[in-house]
Amino acid sequence: MMSRWCTLVPVFFFTLLLVGAEGAQGKAFQEAHQEAGPAHEVNSALTAADYRRAEGFLTWNASSRVFRADVSPNWIDDSTFWYRTRVPGGFAFYQVNASSGERVRAFDHERLSAALSAAVGGNYEALQLPFNSFEWIERGRVLRVQVAGSHWSCTPAEGRCQELDGPDTGPSGVTSPDGRYTAFRRDDNLWVHDLESGESFAVTTDGAERHGYAADSQGWRRTNQAILLWSPDSRRIATYRLDEREVEEMHLLRTAEPRPELESWPYALVGDSIVPMLERVVVDVEARSVVALDTPPDHQRTSSCCGLARGQQWADVEWSADGEQLAFVSVSRDYRTVTLRVAAPSTGAVRTVLEESHPQFFETNIASGGIPNWRVLHDRGEVIWFSQRDGWGHLFRYDLESGELLNRITGGDWNVLDILEVDEAAGTILFTGIGREAGVDPYHRNLYRVSLDGSGMQRLTSGEMDHDLSLSPGADYFVARTSTVEVPPVTSVRRARDGAEIAVIEEADISELESLGWRAPEPFTARARDGVTPIHGLLIRPSHFDPEKRYPIVNAIYPGPQTGSVGTRSFSVSRRGQAHALAELGFIVVLVDALGAPMGSKRTHTAYYGDMADNGLPDQIAAMRELAARYDWIDLDRVGIYGHSGGGFATAAALLRHPDFFHVGVASAGNHDNRGYTFYWGEKYHGPYEVDEDGTDSFENQALHLMADRLEGKLLLSYGTMDSNVHPNMTLLLIDALIDANKDFDLIVMPNRGHGYANEAYSVRRTWDYFVEHLLGADTPHEYRIGG
């Protein structure tokens, strides 16, 4: 698509740029990395060669130079899995026998590429096959793939592929455990497709607009996915009818010719009296009947952040093995109270098992996107429950009938992360945890086994490493991708019984990336604003770092409370905000998990509850000052900060709340006043919306447009005009206030972009330009095109 440009018009000295679509694809730039690094003296000029060097460290370029690092097991059965990994020349598929550790090519790549080329009419190379996934059929003799929009069955040993006419696979949706049915949404009702008969039929008929079944309509997120959970016997479906009929709307205008197009949808905001509510039902597929559960409508949320589904499964809902009991968790609007209930799906009768509250917010998993850590053990008549009641995330055992506490399962100043497997017969739990081992990075994941009575705690992983784990379906084996932020991964197969290594199947090779001068991030520990609490971060230097020079320092921020800035503690070629690429232009880039970020204690996670605009910025400042005291090559007279979404909010807050420390900021798609964001985000992490007798509401202290007159530094704002997650209105309120305060600032508007434009080439390049111009004091290569 051609880019469309408008004339730059000065309005109170801010610059408005309208940009069209530009891809974020890049190339490797070996030649640029063979050239001398830039001097980066103040008032120097950076060249296209300097930008090409930085471009080589963008995620899509750097990852192409790392081999055998990524292993994501696809389990065929309890002892066999396949995976795809990057190798020189492309990607290879391997199959592993977990019991023996034997690893072989999953199929003959050369024969398959030749067979597919002949059948499809393409020209496919052995290590550049046109699919990422496949399925074995006919007991592993034939594989099924999707290529060029069609399904194909291939017999690699015979070098033959044929297009599948086969039975109609029906609409996309959620497949039943026995593989017979697919449930999907159509016209606000829930439908089921029978793969045996080829018939599709409605299992609900009274769905209506904004009062439909299984709807994934959450204001900030809308998809066609059906939110539901099949019973293990494939007879029933647990789902809901979502009532959003009176919820107020949000509006966006899509740029089009000759007129813009209006898009409107329900989106509840902080303090709204009417919010979406879900009415729980159970659908009997064969009888085509619906049973309403005898429980009040629930708020549209889960007990762990964020969204209603984990993959294709409705979270916070759990069937018994025989499909005769349905357990679910309800969460109050203020997120402070969580209630476990059990229903009889045949009658709709519901009883309450237990309830727990927290003065700020209650969570059943400390990780964003984590599966709620509660399990109902129907055969034992017990419940495994997760709570932070003592300040850390731990497991407790309750009686299912009485709801009484039986015993604590885990405890201490550390966190349970994810329950992976519960063996009811043996009375044990496999789970991951962080922070338990002394002298080990508190964010490193380890695997443990413990008995339900709290005895016999056993660590099944070893070493001072992070362990990215995949457990086999029968929980007999696990695959561990072991690494740190500095040490590339080694992937091994291990026995779940005792953690013993069976075989190493991959060792990452980063030599080609290192040949460009790539440096791993440097972990550090500093002290938070209180001078006591340890906080952790990463520091990234340019490849041509010279300790005799002084460098501007730039903070790549995501403030919490959903996640922190650092992200994974496993090995990664890139970090938030394309930090390596920015550093290569002559900056020290830091990422700090400040107070307010999850994965630590409840005290640290709720540190600025009631003041979201805090954003952990006093801790970021404390860490950067501490680093500058350690390293005289850090120049605190030139401090930048940048971020997207919550990071955009934090960046603008940094320039407005701490103008004496932060000098330059790039804030994209920020939720600059959470009164204009989804109600459950603000009401969870900031607190309930309240108005005092003077008419002041409890959210005014975080509204950045009310602080616009404090701007002193250089601020670049941006937003996407079709951002249905973080609505542009929040940025526009800030823009209007800055104009009213007669403040200079810069602005980029991204037409028809949603929320995820941060890695678009244009957005990345303009971020580079802004810091180069205003922190380095250097000229930039004119309109450098990333990927050009």
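Student: Are glutamate 363 and lysine 684 buried or exposed? Please set this pair in the context of the salt bridges elsewhere in the structure.

Tutor: In this predicted model, glutamate 363 and lysine 684 are both buried. Their side chains form a salt bridge in which the closest N and O atoms are 2.9 Å apart. Glutamate 363 lies in the loop between strand S29 (350–357) and strand S30 (375–377), while lysine 684 belongs to helix H10, so the pair ties together parts that are 321 residues apart in sequence.

Helix H10 (residues 679–685) also holds glutamate 683. The side chain of glutamate 683 meets that of arginine 333 in a salt bridge, at 2.7 Å from N to O. Because arginine 333 sits in the loop between strand S27 (326–331) and strand S28 (337–343), this contact ties together parts 350 residues apart in sequence. Glutamate 683 is buried, with a relative accessible area of 4%.

Another salt bridge pairs arginine 180 with glutamate 196, at 3.5 Å from N to O. Arginine 180 lies in the loop between strands S10 (174–175) and S11 (181–186), and glutamate 196 in the loop between strands S12 (189–194) and S13 (200–202), so the parts tied together are 16 residues apart in sequence. Here arginine 180 is partly exposed, at 26% relative accessible area, and glutamate 196 is exposed, at 63%.

These pairs are among the 47 salt bridges that the structure holds.

Terms used. Residues numbered from 1 in each chain as written. Predicted model: local features only at pLDDT ≥ 70, side-chain atom pairs only at ≥ 80, totals over all residues. Heavy atoms only, no water. Salt bridge = Lys/Arg side-chain N within 4 Å of Asp/Glu carboxyl O. Helix = DSSP H or I, 4+ residues; strand = E, 2+ residues; numbered from the N terminus. Buried < 20%, exposed > 50% of the residue type's maximum accessible area, 1.4 Å probe, protein only.
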